[in-house]
Amino acid sequence: MIELQGCSKDFNRGGVNQVRALDDLSIRIEDGDFVTVIGSNGAGKSTLLNAIAGTFRVDSGSIIINGQEVTRWPEYRRARLIARVFQDPLLGTCPSATIEQNLALALRRGQRRGLGPGVRARDRQRFREALQPIGLGLEERLQDRAGLLSGGQRQALTMVMATLVRPDVLLLDEHIAALDPKTAQQILALTARIIDRQRLTALMVTHNMRHALALGNRLIMLHQGRIILDLCEDEKRRLEVADLLERFYRIQGEELANDSMLLA
Ligand SMILES: Nc1ncnc2c1ncn2[C@@H]1O[C@H](COP(=O)(O)OP(=O)(O)OP(=O)(O)O)[C@@H](O)[C@H]1O
């Protein structure tokens, strides 16, 4: 369970560039909820994820994860509960380490990592079993350096690393946006499968309304740091992309600042 109560965050406070990225935002996300997050550029989507992950502290409000108040916890401490996947496939893996060394590091999430990413024989079987369902043959390449992999392969590896030890919360920030359409579809399918199988509590930021409607059991739309639309599974299932846009216009009374949500 994730709960944000009255969270606000200003950047460049007191300056001419001051912006309220989160504006008294409250939301309760139940265990096992998979929430897709949409909104135009600058709506506060990444800020919401950053606030949960502890990239910065919110200026006001509180954040509770699984009953624990984490508002003042630094990012590294929250990392025991939270796994993240970013847009850039290069961010999630260490290129000079082998696939199995990367996975061995992921296996120790939340523990003291020690000096080297040593790989135990019994872990290799676990790694193969985690990689095999992706269908990219990575299970046969455990000793290859991650830097040799394509962007899509690295993002698949990142997804497996993020969930090798089941996180309490999985945060996906446009994690397929940098991939070609076919690879993006594969990683999206992998994402849905992992979240479903592990019954993860997850938030996924996307600019693609089709994906936002198709995946997950709840959809929120942000605008100017506030939640302007919050749809449950049933409502989501009944909506088409055009309906969603219409809802946005109706609520906001203005046009979307960018067309990427339409065109994606
Ligand atoms: N570290 C920061 N310093 C200053 N301003 C920031 C910072 N992070 C975010 N902002 C500002 O906060 C607002 C919300 O940004 P955020 O990145 O959360 O938007 P977003 O919805 O993720 O947008 P996009 O879809 O373009 O990625 C924007 O006006 C942005 O410029």
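**A quick tour of rings and helices**

Let's start with Arg77: its charged end sits over the ring of Trp73, 3.9 Å from the ring's centre. Keep in mind that this is a predicted model. Beyond that spot, there's an aromatic pair to look at, and a contact of helix 3 with helix 4.

**The aromatic pair**

- Search the whole structure and you'll find one aromatic pair.
- The partners are Phe11 and Phe56, with ring centres 5.5 Å apart and planes at 90 degrees, so the pair counts as edge-to-face.
- This pair links distant parts of the chain, as its two residues are 45 residues apart.
- Phe11 belongs to strand 1 (residues 2-11), while Phe56 is in the loop between helix 1 (45-53) and strand 4 (60-65).
- Phe11 is partly exposed, at a relative accessible area of 29%.
- Phe56 has 15% relative accessibility, which means that Phe56 counts as buried, the cut-off being under 20%.

**Where helix 3 meets helix 4**

- Helix 3 covers residues 99-107 and helix 4 covers residues 121-131; their axes come within 10 Å and cross at roughly 100 degrees.
- On the helix 3 side, the residues in contact are Ile99, Glu100, Leu103, Ala104 and Leu107.
- Helix 4 brings Asp123, Arg124, Arg126, Phe127 and Leu131 to the contact.
- Sort the residues of this contact by type and you get six nonpolar, four charged and no polar.

How values were computed:
Residues are numbered from 1 along each chain as its sequence is written. This is a predicted model: local features need pLDDT of at least 70, side-chain atom pairs count only at pLDDT 80 or more; totals for chains, interfaces and linings use all residues. Side-chain values use heavy atoms; hydrogens and water are left out. Axes are lines fitted to C-alpha atoms, for helices over the stretch in contact, and angles run from 0 to 180 degrees between N-to-C directions. Helices (H or I, at least four residues) and strands (E, at least two) are DSSP runs, numbered from the N terminus. Contact means heavy atoms within 4.5 Å. Ala, Val, Leu, Ile, Met, Phe, Trp, Tyr, Cys and Pro count as nonpolar, Asp, Glu, Lys and Arg as charged, and the others, Gly among them, as polar. Rings of Phe, Tyr and Trp (its six-membered ring) pair if their centres lie within 6.5 Å; planes under 30 degrees apart count as stacked, over 60 as edge-to-face and the rest as tilted. Buried means under 20% relative accessible area, exposed over 50%, partly exposed in between (1.4 Å probe, protein chains only). A charge sits over a ring if NZ of Lys or CZ of Arg is within 6 Å of the ring centre and within 35 degrees of the ring normal.
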